[in-house]
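The tour goes stop by stop: select, look, move on.

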Amino acid sequence: MSHSNSSPRLVQACHKIPLDRPPIWMMRQAGRYLPEYQAIRDKVAFLGLCKNPELAAEVSLQPLRRFGMDGVIMFSDILIPVEAMGVPLEFTEKGPHLPQTIQSQHDIERLIIPDPIEKTGFVMETLRLLQHELSTSPEVALIGFAGAPWTLASYMLEGGVSRNFTETKAFLYNEPALMHQLLEKIAQTVTIYLQAQMEAGAQVVQLFDSWAGTVSEETYQEFILPYQQQVISGLKSTTEVPVILYVNGSRGLLPLLKQSGADVISVDWQTSLSQARQILGSDVALQGNLDPNALFTRPDVLKPIVEAMLVEGGSQGYIFNLGHGVLPKTPIENVKLVVDTVLNSAKAQRPLTPLT
Ligand code: CP3
């Protein structure tokens, strides 16, 4: 198939092709820990940056230029399609703020399923610019993404970042049918949004269900899994682009994550890579799972942690990443140390025996 040896290392890892080292990228690899990002942010607000394809593409490429990762994730935010559905969105110092939360059936009925080109064309334009920029680096994968229905619904119901998800959970217990109606609408939106990203050049997509680890198994079965499945099977019906599913706090839920149909499951640091592999089996690839706080340790502490992960993860069906996003004050030299350790690991390994 076309994805065998000419496709980027990251895509090959998603398809579990044996490699001489795993690919590496980092969630939130573009952002405030980089002075070159900060320099752009000093001049433009966060949402303005997301909506300016030239600047968004520039910021997406900053970590590649500095560190040489195997993937470039387009610079955007999971809440962009939420705004396109008709929910006003602002970003403050403290993060996202949605002043008009969803409270009733009427609110849900008013939400639109936006045409991704018409309403979020700037995202597709960012991807097209990145595809063009990366045409001379075919080994680097272009990564698209979206928030998964549950995580996006939680922002619509809470109005921002939440500690306890009280509004979301009260709504689902009080109004389960309405919750399904809301999730269904978001699932349709996310499916066509990701399809458009693939058409615009995304070679891998990651579905962020960041807050799906906060619920019981029963709630996950009823309100989360079916919508992850709906999005992923919708994508699979039209393309071969691999899908990565990320859930923070997924330890007890891994068997359910596997049922999503994703090609790759991205795990956090609560589960060791070998435990995750044991639970997930070998038919899905694995991504993760360095604790972002490990990047605040001394280099002599950090390097052996990374080396141990390389041994544990192996070089087939494994993508080196963090267990969650890079934190704002992360020391740059430690990001470099992690990336270099992974990039140089090919030399340290025995060459693969060629198939005869
Ligand atoms: O480099 C990349 O990974 C691409 C860019 C990216 C951003 N947000 C940029 C961003 C991606 C993939 C996201 C996804 C995202 N956004 C998630 C899922 C990932 C996760 O962390 O679980 C979530 C939950 C959001 C919502 C969001 N956006 C929050 C909660 C915040 C505030 C917290 C924070 O880190 O500031 C944002 C803002 C945001 N998104 C920033 C960046 C670089 C910081 C904004 C700034 O520059 O001031």
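**Stop 1: Thr189.** Select Thr189, in helix 10, residues 176–199. Helices here are DSSP runs of H or I with at least four residues, strands are runs of E with at least two, and both are numbered from the N terminus. Thr189 has 3% relative accessibility, so it counts as buried. Buried means under 20% relative accessible area, exposed over 50%, and partly exposed in between, with a 1.4 Å probe and protein chains only. Now show what Thr189 touches: Pro81, Met85, Ile112, Ile113 and Pro114, leaving out residues up to four places away in sequence. A contact means heavy atoms within 4.5 Å.

Two notes before you go on. This is a predicted model: local features need pLDDT of at least 70, side-chain atom pairs count only at pLDDT 80 or more, and totals for chains, interfaces and linings use all residues. Residues are numbered from 1 along each chain as its sequence is written, and side-chain values use heavy atoms, with hydrogens and water left out.

**Stop 2: Thr330.** Go to the loop between strand 9 (318–322) and helix 15 (332–343), and select Thr330. Is Thr330 buried or exposed? Thr330 counts as buried, at 3% relative accessibility. Beyond neighbours within four places in sequence, Thr330 is in contact with Tyr33, Leu295, Phe296 and Val335. Display the Thr330 side chain: one of its polar atoms lies 2.6 Å from the backbone oxygen of Leu327.

**Stop 3: Tyr220.** Select helix 11 (residues 217–236) and pick out Tyr220. Tyr220 is buried, at a relative accessible area of 0%. Which residues does Tyr220 contact, apart from neighbours within four places in sequence? They are Ala212, Val215, Leu225, Pro226, Gln228, Val247, Leu253, Leu256 and Leu257. Take Leu257 from that list. Tyr220 and Leu257 are 37 residues apart in sequence, and their C-alpha atoms are 9.4 Å apart in space.

**Stop 4: backbone geometry.** Most residues other than glycine have a negative phi, and most peptide bonds are trans.

- Asn289 sits in strand 8, residues 285–290.
- Lys16: phi is positive, about 65°, though Lys16 is not a glycine. Find Lys16 in the loop between helix 1 (9–14) and helix 2 (35–41). Lys16 is partly exposed, at 27% relative accessibility.
- Phe165: phi is near 55°, again positive in a residue other than glycine. Phe165 is in the loop between helix 8 (149–158) and helix 9 (166–174). Phe165 is buried, with 5% relative accessible area.

**Last stop: the whole chain.** Zoom out and color by secondary structure: the chain has 16 helices and 9 strands. Its C-alpha trace spans about 60 × 45 × 40 Å along the principal axes. Of the 356 residues, 57% count as buried. Finally, color by charge. There are 27 positive and 36 negative side chains, and the centres of the two sets lie 6 Å apart. Lys and Arg count as positive, Asp and Glu as negative, while His and the chain ends are not counted. Each charge is placed at NZ of Lys, CZ of Arg, CG of Asp or CD of Glu.

Notes. Polar contact = N/O pair within 3.5 Å; in protein donor to acceptor, adjacent residues only side chain to side chain.
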